[in-house]
Amino acid sequence: MSAFTALVRKDLLQFLSNRRAMVMTILAPVLIAAFFGSLFGSQVKASRVPVALSDLDDSETTRRIRAQMLADDALDLRLMPEAAARAEVQAGRLRAAIVIPAGFSEAATRAVFGGGAKPELVITHDPSQGSVLALVRGLVAQHVTQPLLQAAMGGSPATLQRMRDDIDA
């Protein structure tokens with residue numbers, strides 16, 4: 001047996017024979033974790049981000065998008081005209097303003113099938129709230145994708161006919 005192995009064996013036997021050391025070794029990390037867990041527990045709800053939405057398209061698809069965004073717990077969504085939304089962001093009362101341009105749902109449905117340019121939502125944000133922009137972009141992408149794909153895949157006959165005409169042309 002080498003000197004190192006003998007030293008390790010002696011220390012392990014000494015440690016295992018001391019019940020108080022064993023209990024503290026196991027119990028202390030559990031108590032510390034419970035203490036910090038109680039301090040930083042999830043009882044406090046995250047604050048909602050105040051955001052304005054201006055829907056210039058007002059189609060069936062954008063109404064679905066609007067309904068999903070209104071139901072989101074992370075957003076304090078306020079519906080208002082585009083100019084008022086921008087003014088509220090500039091005044092610092094809102095963190096961001098989302099503008100759905102006119103013709104958005106039709107252009108987006110065409111873009112899904114490669115029949116047109118991808119439409120863009122305009123997001124105006126408070127420059128001092130950089131992290132909010134990433135959050136809002138992610139939530140908007142989440143809420144826009146599902147209704148757009150529903151509209152594109154199960155679209156109305158008129159929309160499908162227009163897409164067929166575009167393909168044929």
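Ser54, at 2% relative accessibility, counts as buried, the term buried denoting under 20% relative accessible area, with over 50% for exposed and partly exposed in between, for a 1.4 Å probe and protein chains only. In this predicted model, local features require pLDDT of at least 70 and side-chain atom pairs count only at pLDDT 80 or more, whereas totals for chains, interfaces and linings use all residues. Residues are numbered from 1 along each chain as its sequence is written, and side-chain values use heavy atoms, with hydrogens and water left out.

Ser54 belongs to strand E1, which spans residues 49–55; strands (E, at least two residues) and helices (H or I, at least four) are DSSP runs numbered from the N terminus. A polar atom of the Ser54 side chain lies 3.1 Å from the backbone nitrogen of Glu82. When residues up to four places away in sequence are not counted, Ser54 touches Met80, Pro81, Glu82, Ile98, Val99 and Ile100, contact meaning heavy atoms within 4.5 Å.

Arg66, which is located in helix H3 (residues 60–71), also counts as buried, because its relative accessibility is 18%. Its side chain makes a polar contact of 3.0 Å with the side chain of Asp55, where a polar contact is a pair of N or O atoms within 3.5 Å, of which, within protein, one must be able to donate a hydrogen and the other to accept it, residues adjacent in sequence counting only if both atoms are side-chain atoms. Under the exclusion of residues up to four places away in sequence, Arg66 touches Leu53, Asp55, Asp58, Leu77 and Leu79.

The largest nonpolar core comprises 18 residues, of which Val51, Met69, Ile98, Phe104 and Val136 touch the most other members; such a core is a set of buried Ala, Val, Leu, Ile, Met, Phe, Trp, Tyr and Cys residues joined through side-chain atoms within 4.5 Å. At least two residues of this core are supplied by each of E1, H3, strand E2 (75–79), strand E3 (96–100), helix H5 (104–112) and helix H6 (130–153), and the largest share, six residues, comes from H6. A second, separate core of five residues includes Ala52, Ala85, Leu94 and Ala97.

Over the protein chain, the secondary structure comes to seven helices and four strands, which follow the pattern α-α-β-α-β-α-β-α-β-α-α along the sequence. Of its 169 residues, 27% count as buried. Among contacts with a separation of 6 or more, 70% are accounted for by residues 24 or more positions apart.
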